[in-house]
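Please read these comments with the model open beside you.

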Amino acid sequence: MNSNIDQKIFPFMEGGGEMGELTRNKNWETTSLGAPDTWPQSLRTTLSIVLNSRFPMYVFWGGDYTGFYNDAYRVSLGNDGKHPLILGMKGKEAWPEIWDTIQPLLISVSSGKGATWSENQLIPIYRNGKIEEAYWTFSYSPVKDEMGDINGILVTCSETTNNVNTMKNLEESENELQFAMNAAELCTWDYNPITNKFKSNDRLKEWFGLPLQDEIQLNDAMTAILEQDQQRVSEEIVTALNYDSGGKYDIIYTINNKQMNQTRIVRAVGRSWFNEKKIAYRFNGILQDITEDKIAQQKIQESEKKFRNLVKNVPIGIAIISAKDYEVNLINDKALDIWNTKRDQTEGRPIFEVLTEIESDLLPIFDNVIQTQTAQSGMEYPFNFVRNGQTVTAYFNFIFSPSFDDKGDVDAILCVASEVTESVIARHHVMEREAEFQNLVLQSPIAMAILRGKNLKIEMANQAMLSHFWRKKEAEILGKNLLDIFPELKMQEYPAFLHSVMNTGKSLSVKESHALVKSNDITKEYYVDFDYVALKELDGSISGVMLTVTDVTNSVVARQKLENFSRELEQQVLERTELLKAANAKLEDTVQELKKSNDELESFAYISSHDLQEPLRKIQMMTSRILSQEKQNFSEKGRQYFDRVISSADRMRTLIEDLLEFSRTSKQEEDFEPHNLTLLLGQVIENLSEKIELTNTEIKYDDLGEAKVIPFQIRQVFQNLLENSIKFAKPDTHPKIEIKAKKIEGTKIKNLVLDAKQTYLQLSFSDNGIGFEAQYGNQIFEIFKRLHGKLEYQGTGIGLAIVKKIAINHDGAITATGTLGKGSVFCLYLPIT
């Protein structure tokens, strides 16, 4: 039936203002009354009267006390409360807060005991978003149908809250009020703001520890309030005495009777009374001991807080789902993490709007919970989730438990789940690896077997174990105890070894163990190396032992023969020992002489290279004169010979100068100074400018930083490295040199003898020259070491030896790497002080 009612068909619903329109438009088929065309005439007549009356009226109809009301009654419901939800609602559902009060009246009238009348009756109702205290004068009257049966109750009422409050304000009889308060175990007070006099009943004086006199000062009463509450109470009193506040006073604070050492939590409720000048002339009210309620409330709050913290922090997913529409009522952080969603996107929404992909998996389980009213559980149950844009299968252990309402129906489902995807996948991987491991064991050329349990039951043995050691077929041994198959092992050491591994979990390795194994009445002797490894389960328990056995019989027998032979040689060794001692002593003398010779050689290198320059200069001078004066007298052959003399003299001079430079590269601590290495490099490039321009060499370099160095030695290093790259350039190719600097920790420098605790400056010189083969990376730093002929590339082979010596003098190092035909890289390491 259409929810819009045709007024021509139902004239009893005509008019009635807002409530008339709401009544006409309501879909009554969803209520217990059914469609309006089935309503009795008594209901129609009553409803027509109610809707068009300007007096507040309400109708309860039928066994469910379904409700109707008019515009005049609508005012009493406030702005934010029951209206218009209670139109057509059952009485108990519409008025739960006062049902205990009005139900007896409804039953009384329905049973034929006549109409009721109540005046200024306190009946709190829910309106304006809260429960409000309201006073009513009302009558419940029976409504009879055509047969004289009572089918409904007409409520005519008027709210008298304002009148009652006014009457209360007029009741100034202090004694009657005090008696009433005493009977209710409440305290009363009355304060005159003009005279500052404070009155109270005896109970309040007892609680506050005040003297039992009629009037006291307000400040005397304030002293019983705990210090931390006094300021707050004083401010509330000042506010209540202000006319603009409305005079209401409602506060909770703590008092302490110092005489009895008794503490109470109290709630004070009162109001101020103002004269025509808006000045407060009276301030009174009641005081209630709420200590037990407050303590109970605190315990509840603490308990609820602990529960919420527990639910929030528990490492499993927890959610409460409504059984009616599967709305998510509560969810903890772990469940949000599993669902890959946020709280504001989840709570208050149906679960299948949040997780659309699992509806087909989850809905049947929810239906079973509701229909059977029993918990449903699953272990490693697969669900399909969309995570990071992809559908993945996740596995869960879960239990979904029903929660029941007052009627015993399932109203919610408690979902507790923990994701075990990783463990399931891990177990699958373990199973796969176990299969791979078994295949590996079976195919291994080394004898292997697996024993399980304290009885050492044979689970698996590969062909090497079966054919070589045990000499059995697989069907003869699988599933049987080792010592039952080979009882001769009981008298040997192996059972003790195996049980030790099973009990301790510690692996065992034994070399050249002597073993006797009997098969087919033939006992065979072995010497074996074996390893016993404990097999552990996921929980750490030991379930078995894996055996790996290697036959070393041949080597043991051979060694035994050698040992016999060795004993024969022992005497000869003793005889040779004395000879060896004498040789060692002679060798020590030789080492000392060699050290002395090295020192003398270094001294000789310096002296000879220095002194040899003088006769060499004379040779060069005389050959120069002969060439200038006798050139025309030389034959062509003679001229060639003379040119060779001059060339040899030049090379000799270069060799002497390099040797002299090599001998000068000593380390004197006082020569070290902090220097800007970029400036030193610039000086070297300036000195080589002609050679750089002549060869069209391109040099790029970073800011090299600063280090504590001997400047002339570092310049020598830079010059030798640059000249080396220019000299060994590829034919028809312009040399390109790139110099980079970076700091590096000693721990990261491998294959060099450097201080691991020191920080080094790494200067790398890379070029595009002819390079060299990697095997010569260390040899090129040896003195006089050349990788090319002296006619092909000029030089003495001392330059890089000087570079290495200077690097060592600076507590550093140098390395060289190269690729033949592609260039080389020299890395100089200098410590940063």
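1. Is the crossing of helix 25 and helix 26 left-handed or right-handed? The crossing is left-handed (the near helix is turned anticlockwise from the far one by less than a right angle; clockwise would be right-handed). Helices here are DSSP runs of H or I with at least four residues, strands are E runs with at least two, and both are numbered from the N terminus.

2. On provenance: this is a predicted model, in which local features need pLDDT of at least 70 and side-chain atom pairs count only at pLDDT 80 or more, while totals for chains, interfaces and linings use all residues. Residues are numbered from 1 along each chain as its sequence is written, and side-chain values use heavy atoms, with hydrogens and water left out.

3. Helix 25 spans residues 711-727 and helix 26 spans residues 799-809; their axes come within 9 Å and cross at roughly 145 degrees (axes are lines fitted to C-alpha atoms over the stretch in contact, with angles from 0 to 180 degrees between N-to-C directions). From helix 25, the residues involved include Ile714, Val717 and Leu721, and helix 26 brings Leu800, Ile802, Val803 and Ile806, among others. Contact means heavy atoms within 4.5 Å. The residues of this contact divide into seven nonpolar, six polar and no charged (Ala, Val, Leu, Ile, Met, Phe, Trp, Tyr, Cys and Pro are nonpolar; Asp, Glu, Lys and Arg are charged; the others, Gly among them, are polar).

4. The largest nonpolar core has 41 residues, of which Trp39, Phe60, Phe68, Trp95 and Tyr140 touch the most other members. Such a core is a set of buried Ala, Val, Leu, Ile, Met, Phe, Trp, Tyr and Cys residues joined through side-chain atoms within 4.5 Å. Strand 1 gives the most to this core, with five residues. Beyond four places in sequence, Trp95 is in contact with residues including Tyr58, Phe60, Leu77 and Ile125. Apart from this core lies another, of 36 residues, with Ile685, Ile739, Ile802 and Leu828 among them.

5. Leu483 lies in helix 18, residues 482-485. Leu483 is buried, at a relative accessible area of 18% (buried is under 20%, exposed over 50%, partly exposed in between, with a 1.4 Å probe and protein chains only). The C-alpha atoms of Leu483 and Pro495 are 8.2 Å apart, across 12 residues of sequence.

6. For the whole protein, the secondary structure comes to 26 helices and 30 strands. Buried residues make up 38% of the 833 residues.
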